[in-house]
Amino acid sequence: MRGGRCPTTKIRFVVEWVRLRLDVDGFDDAAFEPYLRRAHEAGIGLTTMAELGGDTEDHRRALYELNKTCSADIPERGEFFAYEEFVERRFESPGFHPGGVVLAVHDGAWVGMSATSLHPAEGYAFSEMTGVLAPYRGKGLSLALKLLAIRFVRSSGYGLLRTFHHPRNASAIAMNRRLGFTDDPA
């Protein structure tokens, strides 16, 4: 649950987030591998921040711009973080790993992302953000990105991947449910 204020009034509101979870060990990769092929056939490379050279200032700025653009479509998102706050929340978090930032690259430009953090004390991984720039949507690219994110989670030794969404973010919820995410009571 998340509370906030309506920006034009003093009325408080509460949003019941849609909390989802995926049993990574039971996930069927094969069903989603065609999306990897489709991306490749469309000339879109799939890689990670780690494979591109790791956590550099240029990569941080590029991810910030991509995340900011993709986040603009999230209902009630409001203003995106300032760069400094984004760096603190994303890169200086103990759960950050450059291998957990999966990227879609077309002609050298970052056009999609799926960022996942690891939380060893809690025993799960968390899908922070999956987004694709508008001209690249509707082609299954988010499913390809998320498949690679799930593989990262599995290879990191985690069996549980969690995420949450605003209830009106229907496309993100549907994409995760298609992958096998179910309601998370926690």
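Which residues touch the most other members of the largest nonpolar core? I looked this up in a predicted model, where local features need pLDDT of at least 70, side-chain atom pairs count only at pLDDT 80 or more, and totals for chains, interfaces and linings use all residues. Residues are numbered from 1 along each chain as its sequence is written, and side-chain values use heavy atoms, without hydrogens and water.

**Core.** I found Leu63, Leu103 and Leu141 to be those residues, in a core of 29. I took a nonpolar core as a set of buried Ala, Val, Leu, Ile, Met, Phe, Trp, Tyr and Cys residues joined through side-chain atoms within 4.5 Å. Buried means under 20% relative accessible area (1.4 Å probe, protein chains only). Strand 5 gives this core its largest share, 5 residues. I also noted a second, separate core of 22 residues, with Leu22, Phe32, Ala125 and Val153 among them.

**Strand 5.** I read strands as DSSP runs of E, at least two residues, numbered from the N terminus. In strand 5 (residues 101-106), 6 of the 6 residues are buried, so the rest of the structure largely encloses it. I checked both faces: Val101, Leu103 and Val105 are buried on one side, Val102, Ala104 and His106 on the other.

**Neighbours.** I counted strands as paired if DSSP finds at least two bridges between them. Strand 4 (residues 45-48) pairs antiparallel with strand 5 over 4 bridges. Strand 6 (residues 109-119) also runs antiparallel to strand 5, joined by 6 bridges. I traced Val105 both ways: Gly45 stands opposite it, and Trp110 is its bridge partner in strand 6. In the hairpin of strands 5 and 6, I saw Asp107 take a positive phi near 50 degrees.

Note on methods: Buried < 20%, exposed > 50% of the residue type's maximum accessible area, 1.4 Å probe, protein only.
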